[in-house]
Amino acid sequence: MAKVTFRIERCKGCRLCLTVCPKKIIAIDESTLNAKGYHPAGVTEPEKCIGCAFCATMCPDCVITVER
Amino acid sequence: MSIVFQRPHALIDKPLHYCPGCTHGIIHRLVAEVLDELGIEGTTVGVASVGCTYNSYEYFNCDMVQAAHGRAPAVATGIRRSLPDRTVFTYQGDGDLAAIGTAEIVHAATRGEKITTIFVNNAIYGMTSGQMAPTTLIGQVTTTTPFGRKPELHGYPVRVCEMLSTLEGAVYVERVAVNNVQNIRKAKAAIKRAFQVQQAGLGFSIVEVLSICPTNWGLSPEKALEWLGENMIEHYPLGNYKNVVLPSDKPASKE
Amino acid sequence: MGEKILMKGNEVIAEAALRAGCRHYFGYPITPQTEVAHYMARKMEEIGGTFVQAESEVAAINMVYGAASAGVRAMTSSSSPGISLKQEGISYAAGAELPIVVIDIVRAGPGLGGILPAQCDYFQMVKGGGHGDYHNIVLAPQGVQEMYELVVDAFNLADKYRNPVVVMGDGYMGQMMEAVEFRDVEKIERPEKPWAACGSEMKREHNTITSIYIDPDVLEAHVNHMNEKYKVIEQNESRVDVQNCDGADVIVAAYGTCARVTKNVIKDAAKLGIKVGLIRPITLWPFPKQAFEKYATTPRGFLTVEMSMGQMIEDVRLALNGKNTVEFYGRTGGNVPAQKAILEKVIKIARGEGGND
């Protein structure tokens, strides 16, 4: 049981989290723009998350909180 | 469920001004995590330098002093000598530390000042828009080496860890990178050890962090990480260049 | 009254700083002020203070910047070429509103110039030297006793106004030995420094020491705030030694060593029936304009005497604002104006035969 929360208003859409997710369940949400004008990242299949925190470790902007 | 990863307390909750994918954000967080884990946010004074991180004092929750270009190790010397029970660190880029501030870093190291330097090497000047840094690689294109860095015209890239590790006052010298999760974890361990070395009063400690500058490298953050892994590490090998025994170290099994 | 001791000017500077509570000195050797460092090296080790022989003047001033940021009394000393190198740090300290004390034992320039005494750092210390809208408080002693008193005052003023304070002597004053009495140390003021970056102990918001303000309105507000502070300093802290000016035929404006020489000229001229007054600025900034305004129309003419090609004379002229003539006599290169030469100039002005060559 694991949960990641993305604080999308802080996301700059840099995609670094995508590159490290072992489950490949993070994607850029092209349908959303945050206040800074970026398409933010988010989890597509939350049930597959293992709470490894790789995404949060790689995120330069402290967008991601991980619970397990 | 409990929270296993969140913003450290020593990093102020505000948006960073860095470009998308800039790894300064990761390195800031690692320093802040170490301040949290060692419980020293309230007893630490950081020194911000000149470059993209000139205002890192807006992000770190400890007391901060902004220094002139290259002078952070001298400023840190003044602070640490005045506050012997405090922890003092500098956060400097490659232009600041290895060009204009070469004298200050070399002499702070050789005096064995009890300070910790976080040296971010991204092989380029970021703030002033992509000029050659002392650490720019041979062949690397920058706005002041438009046809690539040529040794006969621009000299050779400086290897700071190798240079400083020859000095007796520098007791902990390590080069890390933040190009993948495994390396980020190693980077944090190195930063933590560097602070512990200072706390033990053993001498000068420095962690060089290979970092990316997607904007001025002209690469996506993802490609920039690959470029770091494929090009920078070859010239700047990762690993420990100088170590010292800490009181907290477990007795090492001799090989 | 305490005991009088025969001491060298440079050593008195160091002793004064110690008595003012300075326990952090950062320096770099340069003639003719290096005895300050010698004295500090010995004493700081004995009393557990900090002496660092820095790798350069640039590093030394930045160590002072760091120590002052941490909330302690800190000082550096140098001489003219070294002071040029420190100007960056002084500008930063002014911008960050740090109380620092800088000693300049002036030698002849420009460039490496010479190692003998001069007053040709007036512009670089009084008019800024570094970049930006700022002022140093500049104190100019005329001898070893006053050197002691002004160095103590420098620390008090620096803390009071959170501003760099310069004590500017010349090579003679640094090297000469005179009797000094270490009096009045009880007047040392040590204000609280809640702004210092010394560790929050998690009991307050974190403190920041900085001189950078990227937002133009914020920077302008900061510079305006500094300017208000300078107005208060100008109002309260200007100091001057006025001698013999009532009804004077000629008034000489001179500071430091030149003022000492002029005092003898006053006696010589009196024998010839010429009354010579002396206005000796003790604070070069704030410049004691009021004394010049008061006596602007008293003498037949003013004479500025300096060990330079004429730097303070600009402030004398501004203070007089065209109300009287100001002539100049100066020597440079390490030479000191001779009593006789000043007297000749004074006689010409008194007889209405003046005029700069």
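Predicted model: local features only at pLDDT ≥ 70, side-chain atom pairs only at ≥ 80, totals over all residues.
View 1. Pro32(C) belongs to a loop of chain C, with β2 (24-27) and α2 (34-47) as the elements that the loop lies between.

**View 2. The cis peptide bond between Gly109(C) and Pro110(C)**. Gly109(C) and Pro110(C) are joined by a peptide bond in the cis form, and omega for this bond is about 0 degrees. In chain C, Pro110(C) is placed in the loop between β5 (101-106) and α5 (122-126).

**View 3. The positive phi angle of Lys24(A)**. Lys24(A) is not a glycine, yet its phi is positive, at about 50 degrees. The residue is part of the loop between α1 (16-20) and β2 (26-28) in chain A. Is Lys24(A) buried or exposed? Lys24(A) counts as exposed because it has 11 C-beta neighbours inside 10 Å, and a residue is exposed if that number is 12 or fewer.

**View 4. The positive phi angle of Asn321(C)**. Although Asn321(C) is not a glycine, phi at this residue is positive, with a value of about 50 degrees. Asn321(C) is located in chain C, in the loop between α11 (313-320) and β15 (326-330). How many C-beta neighbours does Asn321(C) have inside 10 Å? There are 11 such neighbours, and Asn321(C) therefore counts as exposed.

How values were computed:
Residues numbered from 1 in each chain as written. Chains lettered and ligands numbered in written order. Helix = DSSP H or I, 4+ residues; strand = E, 2+ residues; numbered from the N terminus. Buried ≥ 20, exposed ≤ 12 C-beta atoms within 10 Å, placed from the backbone.
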